[in-house]
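Subject: Structure handover and notes

Hello,

Here is the structure for you to take over. My notes follow below it.

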Amino acid sequence: MDAYKQLDFFELDDQYSEDELMVRDAVKGWVGERFLPGVMDHFEAGTFPMDLVPELAELGVFGPTTPEEYGGAGMNSVAYGLICQELERGDSGLRSFCSVQGSLVMWPINEYGSEEQKREYLPKLASGEMIGSFGLTEPDFGSNPGGMLTTARKEGDEYVLNGRKMWITNGSISQIAIVWAKLEGRVRGFIVPTDLPGFSAPDHNHKWSLRASITSELVLEEVRVPETAILPGVDGLRGPLSCLTQARFGIAWGALGAAHACFDETLNYQKERIVFDKPVAAYQIPQQKFANMATDITCGQMLALRLGRLKDEGRFTAPQVSMAKRNNVMMALETARTCRDMLGANGVTLEYGVGRHMLNLESVVTYEGTHDIHTLAIGAEVTGIMAYR
Amino acid sequence: MNIVACVKRVPSTEAVAKPTADGKGLDAADFQYMISFYDEIAVEQAVQTKEAVGAGEVTVLTLGPANGTKEIRECLAKGGDKAVVLTDDNWQSRDARSTAKALVAQLSTMDADLVFMGRVATDRDNAAVGPMVATYLGWPCVSDVIGLEVGDGKGTAKVETEAGVETVEFSLPAVVTCQKGLNEPRYAGLKGIMAAKKKPLEEVAPEAVENQSEVVEVALPPARKEGRIVGEGAAAVPALIEALQNEAKVL
Ligand SMILES: Cc1cc2nc3c(=O)[nH]c(=O)nc-3n(C[C@H](O)[C@H](O)[C@H](O)COP(=O)(O)OP(=O)(O)OC[C@H]3O[C@@H](n4cnc5c(N)ncnc54)[C@H](O)[C@@H]3O)c2cc1C
């Protein structure tokens with residue numbers, strides 16, 4: 001099989017700075033050499049390659065936009081997007097791992113944390129010494145997290161947390177969880193060490209998607225944290241939602257990586273696979289599929305790039321992020337499904353990546369705001385009328 | 001210790017070779033570039049040597065186009081301290097000698113203790129520039145090195161040969177060409193990439209040196225002839241022996 005070649009139909013490489021391209025290529029090289037050889041086995045076993053965490057930290061992909069004084073690399077958002085793209089070219093589970101660590105744990109600590117919290121946690125999270133998770137979703141509240149039942153109450157100089165969180169990426173392998181809970185009716189964020197009495201994190205087993213990523217419940221029964229555990233800088237649902245906006249930005253890029261991987265693998269396959277004396281790629285139906293997929297990927301690339309530039313200029317909006325996440329993830333899922341079919345029977349074996357990507361993307365289309373929730377967010381922006389409540 | 005790593009940009013592994021219209025070169029329009037595999041080992045060894053000695057500076061030296069700095073910055077991200085680019089738009093058509101002459105002219109101004117180069121550049125496969133540089137400088141040339149220790153004014157290298165592994169002692173300054181196995185090049189981490197932005201990259205116009213050899217034609221390797229099934233099972237053995245003897249002439 002030919003070496004991986006990323007489609008760049010509109011010569012977008014010209015639009016990136018030298019260091020953005022260096023970051024992309026560094027992560028691309030690492031994923032190809034260090035991650036991809038083992039991903040099939042991890043996917044089958046339902047495990048994440050924890051042995052690679054120090055290498056990921058060494059690369060610098062945990063919270064790359066975090067300021068250097070707190071152990072980050074101080075990169076811009078476009079570079080972060082490209083990192084997500086290359087990680088998800090490997091596996092959506094790998095990108096999820098880094099999205100949670102960077103966008104959902106390090107970002108809120110940097111944005112809403114006290115100086116002590118930043119100094120205590122950010123360097124350890126950047127170095128991979130500490131893994132974090134983000135607990136928002138509950139058994140009965142997913143798309144509508146504002147209804148959450150998890151509570152915090154103040155007792156002396158402690159907060160006492162009670163509740164259950166569901167579908168929490170990295171839950172059981174994290175040393176700290178950012179838990180969102182209602183304190184006197186207002187949503188607040190807490191940094192909760194996972195070894196405290198009353199805290200447990202049973203895994204969700206039997207997933208057929210994102211298998212190379214750990215997903216757990218978080219159960220909190222009278223978990224006592226010191227009053228310094230609350231994130232002081234934010235109050236209300238805006239806290240978790242602003243984290244999700246950061247993570248969704250990365251997902252909009254990440255999905256492109258999965259689509260690229262499927263497209264490239266399928267193109268190579270169909271150029272070599274001979275049916276009725278010709279390569280499959282020589283027939284009109286496959287060519288139409290390739291033309292459609294190439295166009296869709298290219299549109300997605302431009303959407304992500306523009307979004308990234310807007311973000312770096314400090315003027316991107318949540319509905320723009322919704323549009324990019326919604327479009328690019330559904331595009332990637334449809335690309336993966338098409339490619340799965342185009343590989344024939346080989347499309348259903350994990351020896352090829354497309355089936356794994358296809359299965360993973362079913363989670364990506366659901367988490368961080370389902371496709372339909374983003375539809376309604378864009379609809380609300382366009383019409384000025386909220387239809388999701 | 002003043003250490004120089006010489007590197008070359010070569011077309012990346014996924015590049016598809018296509019001769020130009022005049023047939024004298026390869027069409028570079030779709031090429032992406034990377035640092036030649038063995039040169040990455042040279043950069044890594046330069047950085048490791050500096051780290052082992054505990055002091056010094058690593059300069060990355062290349063002859064290449066003015067707009068090709070991304071790959072050179074990558075070397076700085078992996079631990080090089082500064083870079084010198086000998087800018088030449090015709091860098092790809094230089095023969096080994098004229099490349100070596102340009103590098104030597106620059107090296108003569110740099111007061112280097114140790115020069116690392118790849119054993120061969122993966123595009124041309126000449127394996128000539130390293131030994132030529134050493135010869136012009138009048139320095140020891142230790143090639144195909146798979147193990148290295150550097151001490152006070154001298155070095156000890158393990159060198160791969162047809163017969164086995166030789167251990168060679170040499171005095172500094174010297175040119176060392178690096179073979180696979182010498183080390184495992186590191187990845188450019190994000191912090192390294194950010195730091196590389198601030199490291200000096202100097203462009204120098206090298207003197208023109210006439211080529212002594214010129215490429216007059218580039219042809220792709222002939223397509224492999226299609227295979228032929230001579231039969232099936234044990235019954236096919238006589239036909240196979242026949243073909244191996246008379247067609248392939250290998251028996
Ligand atoms: C593998 C995986 C990892 C995850 N990791 C995390 C994590 O780390 N942290 C975390 O907090 N959460 C995580 N999640 C949870 C995820 O964010 C939620 O599953 C998601 O928000 C959807 O919520 P739900 O499952 O409750 O679905 P529901 O909200 O019940 O939605 C069910 C269906 O109804 C539709 N729907 C819902 N509301 C409306 C409406 N108003 N109008 C029209 N249609 C509607 C949805 O689009 C969907 O099709 C993860 C999920 C998965 C699968």
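Does A:Glu20 count as buried or exposed? A:Glu20 counts as buried, at 3% relative accessibility. Please keep in mind that this is a predicted model. A:Glu20 sits in helix 1 of chain A, which covers residues 18-45. The side chain of A:Glu20 makes a polar contact with the side chain of A:Arg309, at 3.0 Å. Leaving out residues up to four places away in sequence, A:Glu20 touches A:Gln15, A:Asn76, A:Val78, A:Ala79, A:Leu82 and A:Arg309.

The ligand

The shell around the ligand has 19 residues, and those that come nearest are A:Thr137, A:Ser143, A:Trp167, A:Thr169 and A:Thr370. Sorted by class, the shell holds 9 nonpolar, 8 polar and 2 charged residues. Two elements of chain A, strand 3 (158-169) and helix 10 (371-383), each supply at least two residues of this shell.

- A:Thr370: a polar side-chain atom is 2.6 Å from an oxygen atom of the ligand.
- A:Leu136: a backbone N or O atom is 3.0 Å from an oxygen atom of the ligand.
- A:Gly142: a polar backbone atom is 3.5 Å from an oxygen atom of the ligand.

The ligand exposes 980 Å² when taken alone, and the protein buries 67% of that.

Cysteines

How many disulfides are there over all chains? The count comes to 0, with a pair of cysteine sulfur atoms required to lie within 2.5 Å. For A:Cys339, the nearest cysteine sulfur is that of A:Cys262, 5.2 Å away, and A:Cys339 is in no disulfide. A:Cys339 is buried, with a relative accessible area of 0%. B:Cys75 is in no disulfide either; the nearest cysteine sulfur there belongs to B:Cys6 and is 11 Å away. B:Cys75 counts as buried too, at 4% relative accessibility.

Backbone points in chain A

A:Phe276 lies in the loop between strand 8 (274-275) and strand 9 (278-279) of chain A, and it counts as exposed at 77% relative accessibility. A:Glu368 is in the loop between helix 9 (353-364) and helix 10 of chain A, and at 13% relative accessibility A:Glu368 counts as buried.

A tryptophan in a loop

A:Trp208 is in the loop between strand 6 (199-200) and strand 7 (215-226) of chain A. Its relative accessible area is 53%, and it is exposed, because the cut-off for that class is over 50%. Not counting residues up to four places away in sequence, A:Trp208 touches A:Phe43, A:Leu359 and A:Glu362.

Chain B

Chain B has 6 helices and 11 strands. The C-alpha trace of chain B spans about 70 × 45 × 40 Å along its principal axes. Of the 251 residues in chain B, 41% are buried. The accessible surface of chain B is about 13500 Å², and carbon and sulfur atoms account for 50% of it. Among the contacts in chain B with a separation of 6 or more, 71% are between residues 24 or more positions apart.

What joins B:Leu172 and B:Pro173? The link is a cis peptide bond, with omega about 0 degrees. B:Pro173 is in the loop between strand 9 (164-171) and strand 10 (174-178) of chain B.

B:Thr69 is in the loop between strand 4 (57-64) and helix 2 (70-77) of chain B. At 12% relative accessibility, B:Thr69 counts as buried. B:Thr69 touches A:Glu18 in chain A as well as B:Leu201 and B:Glu203 in chain B, residues up to four places away in sequence not being counted.

Regards

Terms used:
Residues numbered from 1 in each chain as written. Chains lettered and ligands numbered in written order. Predicted model: local features only at pLDDT ≥ 70, side-chain atom pairs only at ≥ 80, totals over all residues. Heavy atoms only, no water. Buried < 20%, exposed > 50% of the residue type's maximum accessible area, 1.4 Å probe, protein only. Near = heavy atom within 4 Å. Polar contact = N/O pair within 3.5 Å; in protein donor to acceptor, adjacent residues only side chain to side chain. Areas by Shrake-Rupley, 256 points an atom, 1.4 Å probe, with all protein chains shown as cover. Helix = DSSP H or I, 4+ residues; strand = E, 2+ residues; numbered from the N terminus. Nonpolar A, V, L, I, M, F, W, Y, C, P; charged D, E, K, R; others polar. Contact = heavy atoms within 4.5 Å.
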